[in-house]
Amino acid sequence: NAQAALVNAPARKYDILVAEANVASSVAKVASAKAEVEKCHLRAPRDMTLLKTFLERGDAISITPLQTALTVADVSKLRVRAELDERFVERIKVGHVVSVVSDFNSALRMAGKVVSREAQMGRRTILGTDPADKNDRDVLEVLVEIDKKDEASAANLPVGYRVIVQF
C-alpha cells in the first residue's frame, strides 16, 4: 500500500535539517529568555544583610533618573565611620586604638581601632550639637572596626546608630 510506504519511509534529509534548525532556534530563544529573566534579579556582590526595600516584587526600576531599589550592608564586622578633625589628622594613623561610646547611653562603651583613612580631606557632614563647634573645619574620614570582644554588646544596635569615637 502506497500510504503505508510513505508513512514508514525514512525522513527526508531536508525535513531533518529544518527540524534541527527549529530545535536550535528554540534552544536559543529559551537561553535568551533566561538571560532576560536573569537581568531582572537583584543580587548583592557578596553576603549582605537587607536593611530596607524601596520597591515591591514586580515593580519596574529606572536607571534614568537613578532609583534605589534596596539598601544592603555587610554586617559581618561592626564598623564605625568617623570624621577626624583636621587638627588631629597627623596624630591618628591606621592601627590607632580608640574608644567608641554610645551618644545616648554612656554605659555602652566599646574598644576599636582605626582600620582605614581616606586619602583626601573633605567637608564635615556630621554636625555636632555644640554651638561653639566650628563647622568650617575640614575632616578626614576614618573607618573604625569594633573589637570582637565588644561586638556582642552592640549586636542590637541598628546600622546608622550615632556614636562618639574618642581618639
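Colleague: Is Arg81 buried or exposed?
Modeller: This is a predicted model. Exposed means over 50% relative accessible area. Arg81 has 52% relative accessibility, so Arg81 counts as exposed.

Colleague: Which residue forms a salt bridge with Arg81?
Modeller: The closest N and O atoms of the bridge are 3.0 Å apart. The pair links distant parts of the chain, 60 residues apart. Arg81 sits in strand E3, and its partner is in strand E7 (residues 138–146). That partner is Glu141.

Colleague: Which residues are linked with Asp74 in a network of salt bridges?
Modeller: Asp74 meets Arg46 in a salt bridge (3.7 Å, N to O). Asp74 lies in the loop between strand E2 (70–73) and strand E3 (79–85), and Arg46 in the loop between H2 and E1. The network links Asp74 with Arg46 and Arg79.

Colleague: Is Asp150 buried or exposed?
Modeller: Asp150 forms a salt bridge with Lys149. Lys149 counts as exposed, at 63% relative accessibility. Buried means under 20% relative accessible area. Asp150 has 13%, so Asp150 is buried.

Colleague: What is the angle between the planes of Phe104 and Tyr161?
Modeller: The count comes to one aromatic pair. Phe104 and Tyr161 form this pair, 5.9 Å centre to centre. Planes over 60 degrees apart count as edge-to-face. The pair is edge-to-face because the angle between its planes is 70°.

Colleague: What is the area of the nonpolar surface patch made by Leu42, Leu50, Leu70 and Val72?
Modeller: Leu42 lies in the loop between helix H2 (13–38) and strand E1 (49–53). Leu42 is exposed, with a relative accessible area of 56%. The patch made by Leu42, Leu50, Leu70 and Val72 is about 350 Å².

Definitions and conventions. Residues are numbered from 1 along each chain as its sequence is written. This is a predicted model: local features need pLDDT of at least 70, side-chain atom pairs count only at pLDDT 80 or more; totals for chains, interfaces and linings use all residues. Side-chain values use heavy atoms; hydrogens and water are left out. Rings of Phe, Tyr and Trp (its six-membered ring) pair if their centres lie within 6.5 Å; planes under 30 degrees apart count as stacked, over 60 as edge-to-face and the rest as tilted. Patches are made of residues with over 30% relative accessible area and no salt bridge: like charges are joined within 9 Å, nonpolar side chains (Val, Leu, Ile, Met, Phe, Trp, Tyr) within 5 Å. Accessible areas come from the Shrake-Rupley method with a 1.4 Å probe; for residues, only the protein chains shown count as cover. A salt bridge is a side-chain nitrogen of Lys or Arg within 4 Å of a carboxyl oxygen of Asp or Glu. Helices (H or I, at least four residues) and strands (E, at least two) are DSSP runs, numbered from the N terminus. Buried means under 20% relative accessible area, exposed over 50%, partly exposed in between (1.4 Å probe, protein chains only).
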